[in-house]
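The structure is shown first.

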Amino acid sequence: MTTAVRHSDSEVSFGFWLYLMSDAILFGLIFATFVVMSTNLAGGPGGTDLFSMTNLSMQTALLLTSSLTVALAHHAAMEERIGPALVWLALTFALGAGFLVLEVRELSGFVASGAGPNRSGYLSAFFTLLSTHGLHVSAGLIWIGTMMMQLLLKGPNSRVLSRLSRLTLFWHFLDIVWIGIFSVVYLPELF
Amino acid sequence: MTEDISPLLGRLGPDALPLYSWVAMGGAMVTVAGGLGFLAIVTWLGKWRELWSGWITSVDHKRIGIMYIVLALIMLIRGFVDAIMMRLQQALAMDGGGYLPPEHFEQIFSSHGTIMIFFMAMPFVTGLMNFAVPLQIGARDVAFPVMNSISFWLTAAGAGLVLVSLVIGKFSTAGWTGYPPYSGVQFTPGVGVDYWIWAVLVSGVGSTLTGINFVVTILRKRTTGMTLMHMPMFTWTALCSSILIVFAFPALTVVTAMLALDRTVGTHFFTNDGGGNVMNFMNLFWIWGHPEVYILILPAFGIFSEVVATFSSKRLFGYPSLVYATMVIAVLSFTVWLHHFFTMGAGANVNAIFGIATMVIAVPTGVKVFDWLFTMYRGRIRFEPPMLFTLGFMCLFVVGGMSGVLLAIPPINYATHNTTFLVAHFHNMIIPGALFGYVAGYMYWFPKAFGFRLDRNWGARAFWFWFTGFILAFMPLYVIGLMGMPRRMESYANPDWQPWLIIAFLGACLILLGIVSLGIQLWVSVRDRVRLAAEADDPWDGRTLEWSTSSPPPAWNYTELPIVSVRDSFHEAKLTGKPIPTAPLTASIHVPRNTAVGPVIGFAGFCVGFGVIWFIWWLAAVGLALVATTLIARSFADDTESEAFPGRGTGIS
């Protein structure tokens, strides 16, 4: 029985890795589009005019820290310490939500100043890349909430733990994508 | 935009009804009557419960496979009606003749291509993979049965959007490739292109999930001893095809989503102004589009390999070379996308590289053709219908391959691009290459699915109508393509083209008879099912594992899982007289319970698509919320499997 569970667990995690690869290609293509369109300003503002170093640093700090907290949550749950696991998950949720608030504030500020996604090809690609990542983070937040419920109601059984390990993978993946955004989208404009 | 958008119905209004042409009205009425007729028949027979619990909510890979194939056959008829309408229009359309207004003609060629690729070929190949692969590798089901059901219902939702566009609103006029800037909102306002985008997007998500499911199934769920090099050829091609799906479909998702953003939000990805980059669409679209050709055709190659070995009563010649050729084709398929737009301004060197890469693909494909020929050499060939389709494929596909090598030469491509020569070429690849394979697979595995064979005579008739019909319908297009006729012409003024177009129309009529023959074959076979049930477990003297279980197989496929030590293990067992060893049952068999998750998510996907197309934002939001709540609710369900008892209850009745 245990071997059967472990076997099916390995199938699920292999399937999830495939999904992540597929998603990585999706992001890769949006990155490529962004790079292709990075000079298509159509007379509109560019990144240098828009981006704020403070905001970027705060966003990055929040998201990178949340990768640590989600790992700690997974670690605690593996040792069947539900209380700490829930606290770390709640902290991850808060950090991710904070990241999203900063992102929405930044983007809506751009829209308000006339630099929305329909201003230029560059901004279309910028907004699409950022919102695709943001939507993934939002889905991750829903997932974190669900996992907290499941830990509370079901306890750290093998299915819940296996889901938690995939949530961790997903969250680290979003971190990696953010590092890509940080390096490709923001860094060249701010330095 | 100056349209009125109401909060309740978006831009949907009475003018969405197809009152602009009697042909469109007729099509809408046939679609509605077909839907209502289906509902009436199910109600009249009192089969709702059986339909719901036996099929709609089923997560059995065999039943999902059969539903995919039913969907594909329905859409084949719909797509073919478009095709014969176009052939009739062009046969008549000299000097502005014909019966279709230009805008309607454009909708028809757009929906024909979209349906045939996304909603005929994709479901057909996915259905065959679903049915045969777990049986071939000795598995009880696919790795993710519920996700499999979700994939199917998302595909059905996409097909539903295309069908609905016939009744409510219009379909795209931008061709199945939807090139901007024409497909942008500036030149094509209205809902047509949006229908195309969302049908493709929703079903594309389903296909991606299918790809993931089958890679995991094939790599992780093989029975003991089923090493990679013991796998049947069809499973190998299904593996390559699934890998291609996982890697290629994100490009389709990205490109259609960006076009949707351009049209709905007003971004500038593919617009002429505002810093858009139209060429990026072509690149992204064909980064998906070329691998897609191989996603469709590799499993057909796999079917031909199974069929040719079985009906030649011989081991498949050069199995390892077929495996390597399949893998090489899968890898190379990502390196040739630019040949779809040689004339759009890439430099000579870039064109040369992509042209050479394209020609290189002909090498592994040629290896395969020789392998099939050598398999037949000195074999005892039985001319059953699946074998006829395979032989027809070998004759015709080589012609299509040669015209492909011609098109791969950039200077020739400059002269022939966008002509009916190209149309003839890709139909020559996809009809004999992919569709003949699917039909062969359908006739080959039908007895496994239902416990009786399909009628042989009507199968042979269907083949000869398809074969001759194909030649008559498409060889003339090569000729007039070389004479310079552009594709997608609603009318023309060159009298030299008309005789060829009339021949092509006659060819389409023969193909119609081929489709009718397939229908009669099904009817006759169901009528004579008792006579045709003889030896249904192994009707063709099969070689691979799926023929060792009963027809139809139980829901759990094999009561005791077989242990394999050679390729073609079932043939080996018959030859040596020793049955295939099995692993004794140590624990009870569990099969996944039925669930409504798949149909609910499919319905929700339809709502999202329909809502965004018509700007009915609440409907789209409800659809998205439904997807999220269904998935979350499902994740709380623990009791998802039930025990199965061998001897009681069968698979497909």
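## Domain contact in chain B

In this predicted model, 12 residues of domain 1 of chain B are in contact with nine residues of domain 2 of chain B. On the domain 1 side of this contact, seven residues are nonpolar and five are polar, with no charged residue.

Domain 1 of chain B covers residues 17-46, and domain 2 covers residues 47-644. The distance between the C-alpha centres of these two domains is 26 Å.

## Interface between chains A and B

Chain A contributes 26 residues to the contact between the chains, and chain B contributes 29 residues. Four helices of chain B each provide at least two residues to the side that touches chain A: α6 (192-220), α7 (233-264), α8 (278-311) and α19 (617-636). Of the elements on this side of chain B, α7(B) gives the most, with eight residues.

By residue class, the side of chain B that touches chain A comprises 17 nonpolar residues, 11 polar residues and one charged residue.

## Helix α18 of chain B

Helix α18 of chain B runs over residues 597-613 and has 17 residues. From its first C-alpha to its last, the helix reaches 24 Å, close to the 24 Å expected at 1.5 Å a residue. The helix is mostly covered, as 15 of its 17 residues are buried. Just after α18(B), Phe615(B) adopts a positive phi of about 60 degrees.

## Cis peptide bonds

Most residues other than glycine have a negative phi, and most peptide bonds are trans. In chain B, the bond joining Pro180(B) and Pro181(B) is cis, with omega of about 0 degrees. Pro181(B) has its place in the loop between α5 (145-167) and α6 of chain B.

Another cis peptide bond leads from Ser551(B) to Pro552(B), with omega near -10 degrees. Here Pro552(B) belongs to the loop between α16 (529-532) and α17 (569-576) of chain B.

## Positive phi in loops

Asp95(B) is not a glycine, yet its phi is positive, at about 55 degrees. This residue lies in the loop between α3 (61-92) and α4 (102-136) of chain B. Asp95(B) is classed as exposed because 11 other C-beta atoms lie within 10 Å, and the cut-off for that class is 12 or fewer.

Asn418(B), also not a glycine, has a positive phi of about 60 degrees. Its position is in the loop between α12 (410-416) and α13 (420-450) of chain B. Asn418(B) has 13 C-beta neighbours inside 10 Å and therefore counts as partly exposed.

Terms used
Residues are numbered from 1 along each chain as its sequence is written. Chains are lettered from A and ligands numbered from 1 in the order in which they are written. This is a predicted model: local features need pLDDT of at least 70, side-chain atom pairs count only at pLDDT 80 or more; totals for chains, interfaces and linings use all residues. Two residues are in contact if their C-beta atoms, placed from the backbone, lie within 7 Å. Ala, Val, Leu, Ile, Met, Phe, Trp, Tyr, Cys and Pro count as nonpolar, Asp, Glu, Lys and Arg as charged, and the others, Gly among them, as polar. Domain bounds come from an automatic or database domain assignment. The expected span of a helix is 1.5 Å times one less than its number of residues. A residue is buried if 20 or more other C-beta atoms lie within 10 Å of its own, exposed if 12 or fewer, and partly exposed in between; C-beta atoms are placed from the backbone.
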